[in-house]
Amino acid sequence: MSRAKARKYDRTVVLVGLMGAGKTCIGKRLAKHLGMKFADADAAIEQAACCTIPEIFAQHGEAAFREGERRVIARLLDDPPHVLATGGGAFMDSVTRAKIKDRAVSIWLRADLEVLMRRTARRGNRPLLKQGDRRAVLERLIAERHPIYAEADIAVESADIPAEVTAERVAAALEAFLRPAEDIQRRRTGS
């Protein structure tokens, strides 16, 4: 059993980043690696709304989607610790970001433009990418969102390597992030 699986996590691990960064793919593998459950915020939103995210955008607009996203993520953060993949815009919401900072450890899966271009070309169900040239939209989102994503507790590069390797890197970064806090706690309690 790996050290990661032997650890009992007391906080949810939240993955943030742009669409195509691998939050769901890496998140599932990370959850397995850590011995935790996995939840996908987008899937939970679709289940709560009884329709797809593109349908929500088309019928109600982005503002209504973001409000539903905020409520669903707040509910998911109340669940026992797990790995949570969020949608690309979730961390941009200041209320959601504050709840994540308060209740979870946030990990930014950072991917460069070319990686995002390749990955987002595989699926045509991303409403924001239908608002013009895909490269231009992704460049704009990178410029707008990367400074906010940088507020995450941890950042890990999501490159074109096997997802399992990235999940292992994320687990190692999480372990390194948590170790100093545990050392301080041990010194305080004398254990």
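Predicted model: local features only at pLDDT ≥ 70, side-chain atom pairs only at ≥ 80, totals over all residues.

Student: What order do the strands of the open sheet have?

Tutor: The order is β2-β3-β1-β4-β5, five strands with parallel pairing. Two strands pair if DSSP finds at least two bridges between them. Strands here are DSSP runs of E, at least two residues, and helices are runs of H or I, at least four, numbered from the N terminus.

Student: Which are the edge strands?

Tutor: β2 (38-40) and β5; each pairs on one side only. On average, neighbouring strands are turned by 25° against each other, direction ignored. Axes are lines fitted to C-alpha atoms, for helices over the stretch in contact, and angles run from 0 to 180 degrees between N-to-C directions.

Student: How many residues of β1 are buried?

Tutor: Five of the five in β1 (residues 12-16), so the strand is largely enclosed by the rest of the structure. Buried means under 20% relative accessible area, exposed over 50%, partly exposed in between (1.4 Å probe, protein chains only).

Student: Which way do they point from β1?

Tutor: T12, V14 and V16 point one way, V13 and L15 the other. In a regular strand the side chains alternate between the two faces of the sheet.

Student: How many bridges join β1 to β4?

Tutor: Five, and the two run parallel. V14 has S106 of β4 as its bridge partner. Three bridges join β1 to β3 (residues 83-85), also parallel. There, L15 partners A85.

Student: And β5, which face is covered?

Tutor: The face with I154 and V156; A155 and E157 are on the uncovered one. Four bridges join β5 to β4 (residues 104-110), running parallel. E157 of β5 stands opposite R110.

Student: Helices now. Which strands does α5 lie across?

Tutor: α5 lies across β1, β2, β3 and β4, at about 170° to β3. Helix α6 (residues 94-103) lies across β1 and β4, at about 120° to β4.

Student: At what angle do α4 and α5 cross?

Tutor: Roughly 130°, with the axes of α4 (residues 53-60) and α5 (residues 62-77) coming within 7 Å. They are therefore oblique to each other. Angles under 35 degrees count as roughly parallel, over 145 as roughly antiparallel, 65 to 115 as roughly perpendicular and the rest as oblique.

Student: Which residues make that contact between α4 and α5?

Tutor: I53, I56, F57 and H60 from α4, and E62, A64, F65 and R66 from α5. Contact means heavy atoms within 4.5 Å.

Student: Which residues of α4 are buried?

Tutor: I53, I56 and F57. Their arc around the axis is only 95°, which puts them on the same side of α4. The arc is that of the directions from the helix axis to the C-beta atoms. A58 and Q59, on the other side, are exposed. The buried residues of α4 pack against α3 (41-49) and α5.

Student: What comes just after α4?

Tutor: G61, with a positive phi of about 90°.

Student: Last one. Where does C50 lie?

Tutor: In the loop between α3 and α4. Phi of C50 is near 60°, a positive value in a residue other than glycine. C50 is exposed, with a relative accessible area of 70%.

How values were computed. Residues numbered from 1 in each chain as written. Heavy atoms only, no water.
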